[in-house]
Amino acid sequence: MRAEQPATLKPPQEQGAAPAATAVAHPNIALIKYWGKRDEQLFLPRTDSLSMTLDIFPTTTRVRLAPEAEQDAVTLGGRPATGEAERRIVAFLDLVRERAGLSRRAVVDTENTVPTGAGLASSASGFAALAVAAAAAYGLTLDATALSRLARRGSGSASRSLFGDFAVWHAGTATGTATEADLSSYAEPVPAAGLDPALVIAVVNAGPKAISSRAAMRQTVDTSPLYEPWARSSTGDLADMRAALIRGDLEAVGEIAERNALGMHATMLAARPAVRYLSPATLTVLDSVGQLRRDGIAAYATMDAGPNVKVLCRRADADQVAAVVRGAAPQGSVHIAGPGPGARLLNEGG
Ligand code: DP6
């Protein structure tokens with residue numbers, strides 16, 4: 001019954017308006033970390049990684065082609081994007097334009113609900129939403145795998161936010177041509193049985209980080225004597241993690257995630273010069289997580305490129321875990337997340 005569809009559901013091209021698309025994506029938190037690239041141009045990682053997509057802190061991005069404009073116009077939270085943030089978004093749009101064979105500039109408006117640049121994965125939700133919206137606005141028809149590969153070129157971790165619940169991002173083949181390597185590195189869903197997990201997020205400092213994850217991972221790969229051992233052990237962690245997810249074994253999932261994250265931070269501490277994201281407040285929260293475990297609550301911590309702590313636990317325990325974590329970091333804020341949906345296009349009609 002195509003002819004009876006309301007006009008608002010038609011692609012904008014057919015309405016005579018400039019093509020536009022809006023997408024929403026959620027952040028993901030890695031349980032097996034991505035830390036280190038083997039190709040900075042193509043965003044090919046050194047190791048596989050695995051994450052849980054959250055059901056809070058979505059990013060909504062609208063991309064509208066602007067036929068007359070000479071430059072892209074980008075806003076973040078209503079303010080014009082500047083510096084590195086603007087440069088990364090324009091470079092990403094250039095990639096999309098190249099694939100679409102179009103030169104038209106775009107107007108990009110992004111609303112983040114997560115504190116930007118605080119190690120809370122705003123670049124993951126940001127580039128996942130931008131990939132979906134820009135591909136649609138520029139008329140590219142891409143499946144989820146291709147969208148994941150595209151999002152990867154904006155920020156590696158964004159490749160995983162294309163998918164809901166748990167996702168693994170394949171490092172891809174290390175041999176072969178650049179095209180073969182590019183085709184082989186994408187995320188896909190991971191089966192998990194009977195888990196009812198929550199991530200309790202303790203934001204101990206919502207300010208921007210001192211060093212970007214991109215620069216920090218480069219410095220770690222280049223200078224840390226602990227990097228290679230961690231990368232090797234991460235392969236085993238991933239295999240163990242997949243098995244634990246299939247078993248629905250939350251304790252094992254948590255133990256593996258915690259050791260993988262602490263190992264990643266150890267590689268940074270051994271970099272020259274050292275990279276340290278963890279603060280005194282982080283360690284206080286880690287102590288409280290240890291105490292929760294001694295009290296019989298399954299709670300396990302993971303940290304990214306920032307001082308904030310994400311505590312994996314059963315959803316039934318999340319309120320109790322949140323109360324304990326809040327007591328340990330009273331100056332911060334605490335949020336409870338469950339597994340969330342993958343990135344998706346919103347209907348322009350609403
Ligand atoms: C610590 O994806 O932000 O959060 O690819 O350079 O944009 P770029 O890095 P990014 O790094 C995320 C690192 C991490 C771990 C993870 O999410 O796997």
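Contact here means heavy atoms within 4.5 Å. Axes are lines fitted to C-alpha atoms, for helices over the stretch in contact, and angles run from 0 to 180 degrees between N-to-C directions. Helices (H or I, at least four residues) and strands (E, at least two) are DSSP runs, numbered from the N terminus. This is a predicted model, in which local features need pLDDT of at least 70 and side-chain atom pairs count only at pLDDT 80 or more, while totals for chains, interfaces and linings use all residues. Residues are numbered from 1 along each chain as its sequence is written, and side-chain values use heavy atoms, with hydrogens and water left out.

Let us begin with the six-stranded sheet. This open sheet has the order β8-β7-β9-β6-β1-β16, with mixed pairing. Because β8 (79-80) and β16 stand at the edges with a single partner strand each, one side of each is left without a neighbour in the sheet. Two strands count as paired if DSSP finds at least two bridges between them. Helix α2 (residues 83-100) lies across β7 (73-76) and β9, and runs at about 130 degrees to β9.

Strand β1 (residues 20-25) is mostly covered, with six of its six residues buried; buried means under 20% relative accessible area, exposed over 50%, and partly exposed in between (1.4 Å probe, protein chains only). In a regular strand the side chains alternate between the two faces of the sheet. On one side of β1 sit Ala20, Thr22 and Val24, on the other Ala21, Ala23 and Ala25, and all are buried.

| Strand pair | Bridges | A bridge partner pair |
|---|---|---|
| β1 and β6 (residues 59-66) | six bridges | Ala23 and Thr61 |
| β1 and β16 (residues 344-346) | three bridges | Thr22 and Leu346 |
| β6 and β9 (residues 105-112) | eight bridges | Val63 and Val108 |
| β5 (residues 49-53) and β10 (residues 166-169) | four bridges | Ser51 and Ala167 |

Our last stop is Lys209, found in the loop between β12 (197-203) and α6 (213-223). Lys209 counts as partly exposed because its relative accessibility is 30%. Its C-alpha atom is separated by 25 Å from that of Leu93, 116 residues apart along the chain.
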